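Subject: Structure handover

Hello,

Here is the structure I promised to pass on. Please open it alongside this message; my notes follow below.

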Amino acid sequence: MYKMQLLVCGGTGCQASASATIVEKLNESLKAHGLTEDAQVVTTGCFGFCEKGPIVKVIPDNTFYTQVTPEDAEEIVTEHILKGRKVNRLLYENPETKEHISDSKHMGFYQKQMRIALRNCGFIDPENIDEYIARDGYSALAQVITELTPEQAIDMLKQSGLRGRGGAGFPTGLKWEFTRKYTADQKYVVCNADEGDPGAFMDRSILEGDPNTVIEAMAICGYCVGATKGVVYIRAEYPLAIKRLEIAIEQANEYGLLGKNILGTDFSFDLELRYGAGAFVCGEETGLIASMEGGRGEPNFKPPFPAESGYNKKPTCVNNVETFANVPVIFLKGPEWFNTIGTEKSKGTKVFALAGKINNVGLIEVPMGITLREIIFEIGGGIKDGKKFKAVQTGGPSGGCLTEKHLDTPIDFDSLLAAGSMMGSGGMIVMDEDDCMVSIAKFYLEFIVEESCGKCTPCRVGNKRMLEILEKICQGKGDMDDLDHLRNFAYVIRDTALCGLGQTSPNPVLSTLDNFYDEYVAHVKDKKCEAKQCKALATYTIIPEACTGCTVCARNCPTDAITGERRQPHFINQDLCIRCGVCYTKCKFNAILVQ
Amino acid sequence: MNKYELKDSHKKTIKEICESFGNKHGELINILHRTQEHFGYLPEEIQYEIALNLDMPLAKIYGVVSFYSFFTMTPKGKHPISICMGTACFVRGAEDIVQALEEELKIKVGQVTEDGKFSLDCLRCIGACGLAPVILIGEDVHGRLTPDMIPGILKKYE
């Protein structure tokens, strides 16, 4: 038994900052000091606090080291492990009091969080099934298949009030019950791990940090709905998650937790992986099934729902990664316990990927009903560089932008929908005063146009037309009629597109039109972009006092709009200027003024 | 586009890949993944060979290849550069990074440099939002970028 453990974050973010080398250096150092019997280095899943990664946590004393480099490894070992003295300079510093905080429990980032789906991320070695089992892993499966009938288990899940975490929030227990209802020679359980929302990485983190929980939940689901085969459909862009999932499946098979006659019962369940190939629309369940069958991932008309006719035309139960991650805990602690967390209609917690212009970028899990203000200003530590909060985008390309007035709304599936956005998979991108909301709407439309599968006309053609209008507006060529056209297009697409993704694709435009109408008007009428992001709307002038007459701007100007003698202040001819911004980027003396 | 010369050994490899998946139509995406891993890209000639092996119309295979952004019909550079265009990277300045890369390499997104060293592509979120904006060069992630860091980073791959 080790006296101490050094947990090193091995998530994608921290691995990009050399966390694997840190592990190596820590091990070398432990060896050099003869401490390999006393302390052990464990590569874990994501701690969530990506902003300050790579993270090294020492237990049992819970010391939380941030932004560790491979060079720090030696000091951590000699000071902390050998002499028992914490390395102060690596501890997290409270941004307000400048005080060093050693225990992660006292950090603002973790104080308001409640971890259910992420309970094991950052605690266990995801490549070792024993560590999962030691934390009650697979005991929910054992309990369900030996003590409960499928109907009883489904009832428990229904009582818990768990709703699908992939976006729409459909009650999970009901979905299982529907799939159970249909009789067929073969049924399937599918885990949707095709996380496609830009800025959302919760599913990846769960699969990287705790793959066994998903496997256990899928087996439980298989028992409940009567399926003996499970498939995880995962993005090929997530190599680390794929690797860890493969290891976990292999170990679970070895332990008899997957495969034939699990734990000596009649129940058998096999699991395999299918890889996505980079198509956002495959996150939609019928699109995902089409892709699993080897074809183009185009969604199909519902009904029939996958519960009746899904993969290979057989009843199929599709759930998202985070939904599955909640399932084992619900069976262990009981639906009543789960019911006490959250709001009336949305029970439990939700994982959000907090990103953008915020101090603490990372992965958080909070109880439903928390306010955006708590998330952004307490957990997230406020806006970067002391700028002013402008908006937060939730729900990815299907969601919308919420503003200051929504900050105190308790968030759950229904309140976000009422506010014109949606929960989506849980991406949360914070924007400050420097972000132009028209550009943001354009960014999402570009994404949708790129990712539209092209099957139905409203989505394929409608979004393209909307994008053209937004491009026109950003170039200062829009008029007030365009704003009405945008709205009309949005309503038609919302009402007539084939799949859920198409129907929600106008949300970023609609929500910005609703909440930032003045900004659209400023672009159209005054030809002004307050945030100065729309380059075509800016005017560039030279500040004569700051200009040294170095001629760099004049030489780089592609339209020869800048004139002036050497060592004399230069001048921009506004009629010739195409507002490309080259002078601004090239000037070394901050002499170009953008308005 | 230049015709891809398919040697007998290439045909054998494709046949083996298809067989390892039991020549099943349902495994097409996995077969394409494996083939692209081997050849680097999926030109028409290779797709044709897969079509023969699976006894499937070429149009159907082309339909799948062109549907998914992961599959490519043009070769990539020795060091493929992917710029993350997720929202988090976008609001933290990914567009300036694209511009800097295009200027430095003198190619546009989707193209390969003349010497075949670098290719430039945009990519959906890789989930390293804490490091935004990020680019991938091969399998290396470079994060917290500013445009002036680009020349230095590219130099490492010369």
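This is a predicted model: local features need pLDDT of at least 70, side-chain atom pairs count only at pLDDT 80 or more; totals for chains, interfaces and linings use all residues.

Let me start with a helix pair in chain A. Helix α9 (residues 202–209) of chain A packs against helix α13 (residues 321–333) of chain A at an angle of about 45 degrees. Their axes are 9 Å apart.

α9(A) is mostly covered, with eight of its eight residues buried. Charged residues are on that list too, including Asp203(A), Arg204(A) and Glu208(A). Ser205(A) and Gly209(A) are also among the buried residues of α9(A).

Next, the sheets of chain A.

One is an open sheet of four strands in the order β2-β1-β3-β4 (chain A). Its pairing is mixed. Which strands stand at the edges? They are β2 (39–44) and β4 (63–65) of chain A. Each has a single partner strand, so one side of each is left without a neighbour in the sheet. From one strand to the next, the twist averages 20 degrees. Strand β3 (residues 56–59) of chain A runs antiparallel to β4(A), and three bridges join the two. In that pair, Lys57(A) has Phe64(A) in β4(A) as its bridge partner.

Another open sheet has five strands, in the order β12-β11-β15-β13-β14 (chain A). Here too the pairing is mixed. The edges are β12 (362–367) and β14 (400–403) of chain A. Each of these has a single partner strand, so one side of each lacks a neighbour in the sheet. Neighbouring strands are turned by 30 degrees against each other on average, direction ignored. β11(A) and β12(A) pair over six bridges, in the antiparallel sense. Lys350(A) has Val366(A) in β12(A) as its bridge partner.

Now the contact between the chains. Chain A gives 35 residues to it, and chain B gives 30 residues. Which elements of chain A each supply at least two residues to the side that touches chain B? They are α1 (12–16), β11 (349–356) and β15 (427–432) of chain A. Both β11(A) and β15(A) also belong to the five-stranded sheet. The side of chain A that touches chain B divides into 15 nonpolar, 13 polar and seven charged residues.

Last, chain B itself. Chain B has 158 residues, and 36% of them count as buried. There are seven helices and four strands. From the N terminus on, the elements of chain B run α-α-α-α-β-α-α-β-β-β-α. The C-alpha atoms of chain B fill a box of roughly 50 × 30 × 20 Å along the principal axes.

How is chain B divided into domains? The domain assignment gives domain 1 (8–67) and domain 2 (79–155). The C-alpha centres of these domains of chain B lie 30 Å apart. Among the contacts in chain B with a separation of 6 or more, 59% come from residues 24 or more positions apart.

Over to you.

Best wishes

Note on methods:
Residues are numbered from 1 along each chain as its sequence is written. Chains are lettered from A and ligands numbered from 1 in the order in which they are written. Domain bounds come from an automatic or database domain assignment. Two residues are in contact if their C-beta atoms, placed from the backbone, lie within 7 Å. A residue is buried if 20 or more other C-beta atoms lie within 10 Å of its own, exposed if 12 or fewer, and partly exposed in between; C-beta atoms are placed from the backbone. Axes are lines fitted to C-alpha atoms, for helices over the stretch in contact, and angles run from 0 to 180 degrees between N-to-C directions. Two strands pair if DSSP finds at least two bridges between them.
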